[in-house]
Amino acid sequence: MEAEDNDHDGHDHGHGDAVRSHPHQEIFITDAPGYYELMETAVRELLIERRLFGANEIRRQIEVLDSRTPALGAKVVARAWVDEGFRRRLLDDGRKGCEELGITFYDDTQLIVLENTPKVHNLIVCTLCSCYPRPVLGLPPDWYKLKPYRARAVYEPRAVLEEFGTRIPGDVEIIVSDSTAMVRYLVLPMRPPGTETMSEEGLAALVTRDAMIGVIPVEYHKEAA
């Protein structure tokens, strides 16, 4: 269950390339449950009372969500780096490619894998909320959900990337892909030089969550290896 995406059903903003704050009141934290917590409890208890699903099913779904981490996506990336046939199948159908490695999808979302090249750099965003490839990356980072990133990644992606320490040369096209309720994206970053003799497991250890969102490259420093 992806609570952040429920308000996103039907949001059909297309993905394109990139070249494709108001003042607020102070927030006070209290021990009393907030509006959304009360609503979640009320809806959950009502659904259980109506026997639409049970408490055990909710528990199992939470356990599934908790089991998803960026290590799954890193495993996919590493396999694509060492297996050309798998890379082609992954780019053709991201969901089926992940399922080859035993990664199950608990929803009906489509996964599109976008490959970075020396001429193209991909960046992922969700401009309306926080749609994200959770089956392979787990929960999104807080900054991914914030309005400044969601807005600025589209109209000034180079500036946003530089704030992450990533400078993209002027002759490299930046493509920003906007996730939807049913379509999610995963970046296949470029394999760093100097890793030709590394094992698949060693390669997976280099791949970070942020690299699979597209805000940083995968780096390898031989001295630290």
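This tour visits a strand, its partner strand, a loop residue and a helix in turn.

The model on display is predicted.

**First stop: strand 4.** Select residues 183–188, which form strand 4. This strand is mostly covered, with 6 of its 6 residues buried. In a regular strand the side chains alternate between the two faces of the sheet. Which residues lie on each side of strand 4? Val183, Tyr185 and Val187 are on one side, and Arg184, Leu186 and Leu188 are on the other. Both faces are covered, and these residues are all buried.

**Second stop: strand 1.** At Glu115, look across to strand 4, where Leu188 stands opposite.

Now select Asn116, in the loop between strand 1 and strand 2. Is Asn116 buried or exposed? Asn116 has a relative accessible area of 8%, and because the cut-off for buried is under 20%, Asn116 counts as buried. Display its side chain, which reaches the backbone nitrogen of Asn122 at 2.7 Å. Leaving aside neighbours within four places in sequence, Asn116 is in contact with His121, Asn122, Val187, Leu188, Pro189 and Met190. Leu188, one of these contacts, is also the residue that Glu115 stands opposite.

Select residues 147–155, which form helix 8. Tyr149, Arg150, Arg152 and Ala153 are buried in this helix. What covers the buried residues of helix 8? The cover includes strand 2 (120–125) and strand 3 (173–178), together with helix 7 (142–145), helix 9 (157–163) and helix 11 (209–213).

Conventions:
Residues numbered from 1 in each chain as written. Predicted model: local features only at pLDDT ≥ 70, side-chain atom pairs only at ≥ 80, totals over all residues. Heavy atoms only, no water. Buried < 20%, exposed > 50% of the residue type's maximum accessible area, 1.4 Å probe, protein only. Helix = DSSP H or I, 4+ residues; strand = E, 2+ residues; numbered from the N terminus. Pairing = 2+ DSSP bridges. Contact = heavy atoms within 4.5 Å. Polar contact = N/O pair within 3.5 Å; in protein donor to acceptor, adjacent residues only side chain to side chain.
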